[in-house]
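Subject: Structure handover and findings

Hello,

I am passing on the structure we discussed.

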Amino acid sequence: MDVCFDALKQQCRQRGMDPLAIPGFNDILSGEELKQKCQEHKRFLKIVHHSFERFVSSMQGFPVLTATTDCEGYVMQMLGDQTIKETVNQLGIKEGVHFTEENYGINCINLALKYNEPIEVIGLDHYHHCLHASACYGVSIKDPISGHMIGAISFMTTVDQGSPLLLTLLLMMKDSIERELQLLNQNEKLHIINQLIMNTTRNGMIISNKEGNLIGFNHAAEQLTGQKREQVLFQPVHILDRFGAYLNEVIKKNEQYTDLELSFAEKDGREQTVLFDALPILDEQQRLIGAFAQIKDISRRKQTEELLVNTEKLAAVGQMAASVAHEIRNPLTTIRGFIQLAEKGFEESHAQLILEEIDRINLIVSEFLVLSKPNVVHFQNKNVKKILEETIALFQAQASMNNIEVITEAITDGCRVHCNENQLKQVFINIFKNSVEAMPLGGQLIIRMEETPDAKVMIQITDTGEGMEAEQIQKLGTPFYTTKEAGTGLGYMIIKHIIEQHKGMLNIRSKVKKGTTVEMVLPISSME
């Protein structure tokens, strides 16, 4: 930039400046103020420092001092030749001083900030005689994203060492600094976006570098893997039991995995199903720089799909039940009647066996009917304790015959539920019968009933029988699935159907060789 130094010197004279005097600074930052300003410009100063070190390494032995100022002209950092630094310190130029035209006259820092152009002030161009032996060069630095002025950087050397090359090098430093600032800003924005995605998505997200060490692990990944972020970060991918092998294959063999359905059992026995993707991360030259994995919990979706399948099966069972009942029940009645008439012509044991088998067929048909289209059921407010105790009394004889001790604990009094008494008795009897069959060598049947804080009554029936595995419990309710040799697989479906009609919930817990607990929760009636 062409500067008219004669005009600038005229302005200095008009301000009353003495060219023979050493200029002074009216505004100097305190130590704490300087520290705070440097902290605010930490990134800028760090980049300048790095760029200047590269410049010095390419110009071994060249005496030059650089000063970095903010957009107001405050000197924040001085680097370079120690002799020049000591000299300018004697002139009052040091970190914390405030360069202005009013107190320092002609200087490259204010000119660079004012005109936003590269400036050189050589020897006699300075107004003050004490600076005639120096050559100074200055450029302003802008934020490449916002366009706002950040500050300025300047070179100072002796007149005999001055050269247009210094201004060229300073301009190269300016370009390098602004590019790095832009890159840092972009990386910062990308980091913010990355953290926003990582922290707000419901999917588990895992990132590994090309060496196979984990560098990204969000909160959802913690929940889905059961491992804490601080425990896995910077660890090898194989620390992730369920997913590490896939990530390792991506890194080692550039494999890709998409839409994998993975299922595994949780500590509480529940089965979890996830949709899993693992993909390589490539740079612009298509070189591998890491791996990325995404985990989506689809357990509810799988449960819904299974529920829909079971619903379709139940619908088929219901349709079949209506025709089966019509086609079988009437002929059965006729056959039973004629066998009873002809009973004298049979051996007693044979007649009894035939009648028992017919009764069994009739029972199966009755069970089908329960699952058919809903019948009109009358509900009334009943004392559930009374219903339970009456059912226990009916069952007591069968329990004694099978060497089973019935124990009642904490039977809460006065709980009334809106129910069909006969259906509830059917539920209790079915569960009692299942418990007896699970304890062929005898045992204990423990019955508890208590009111919950949320206005419900909970009934627990626990046996000390053979128990079931988690897989067996999951299959309960599947039509025609049974663990009994002579079972139909419909009993649990009927119990569940009745409890749901009563707006209740049914839950089963079991351990092999330790027993089973059936838990029913029914809403307490608010009506008298």
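The notes below go from the whole chain to single residues.

This is a predicted model, in which local features need pLDDT of at least 70 and side-chain atom pairs count only at pLDDT 80 or more, while totals for chains, interfaces and linings use all residues. Residues are numbered from 1 along each chain as its sequence is written, and side-chain values use heavy atoms, with hydrogens and water left out.

Whole chain

The protein chain has 16 helices and 17 strands; these are DSSP runs numbered from the N terminus, with helices being H or I of at least four residues and strands E of at least two. Of its 528 residues, 41% are buried, where buried means under 20% relative accessible area, exposed over 50%, and partly exposed in between (1.4 Å probe, protein chains only). Among contacts (heavy atoms within 4.5 Å) with a separation of 6 or more, 60% are between residues 24 or more positions apart.

The whole structure was searched for disulfides, meaning pairs of cysteine sulfur atoms within 2.5 Å, and zero were found.

Helix 14 and helix 16

Two packed helices are described by the angle between their axes and the distance between the axes. For helix 14 (residues 421-438) and helix 16 (residues 491-501), the axes come within 10 Å and cross at roughly 145°. Axes here are lines fitted to C-alpha atoms, for helices over the stretch in contact, and angles run from 0 to 180 degrees between N-to-C directions. The crossing of helix 14 and helix 16 is left-handed, which is the term if the near helix is turned anticlockwise from the far one by less than a right angle, with right-handed for clockwise.

On the helix 14 side, the residues in contact are Gln423, Gln426, Val427, Asn430 and Ile431; they meet Gly491, Ile494, Ile495, Ile498, Ile499 and Gln501 in helix 16. By class, this contact between helix 14 and helix 16 has six nonpolar, five polar and no charged residues. Ala, Val, Leu, Ile, Met, Phe, Trp, Tyr, Cys and Pro count as nonpolar, Asp, Glu, Lys and Arg as charged, and the others, Gly among them, as polar.

Where helix 4 (residues 82-90) starts, a side-chain oxygen of Asp81 is within 3.1 Å of the backbone nitrogen of Thr83. After helix 4 comes Gly92, with a positive phi near 90°.

Gly92 is also one of the residues that Phe25 touches, together with Leu91, Ile93, Val97, His98, Phe99, Asn103 and Tyr104, not counting residues up to four places away in sequence. Phe25 lies in the loop between helix 1 (5-14) and helix 2 (31-40) and is buried, at 13% relative accessible area. Its C-alpha atom is 6.6 Å from that of His98, although the two are 73 residues apart along the chain.

Glu519

Glu519 sits in strand 17 (residues 515-523) and is buried, with a relative accessible area of 14%. Its side chain makes polar contacts with the side chains of Gln460, at 2.7 Å, and Arg509, at 3.4 Å. A polar contact is a pair of N or O atoms within 3.5 Å; within protein, one must be able to donate a hydrogen and the other to accept it, and residues adjacent in sequence count only if both atoms are side-chain atoms.

Regards
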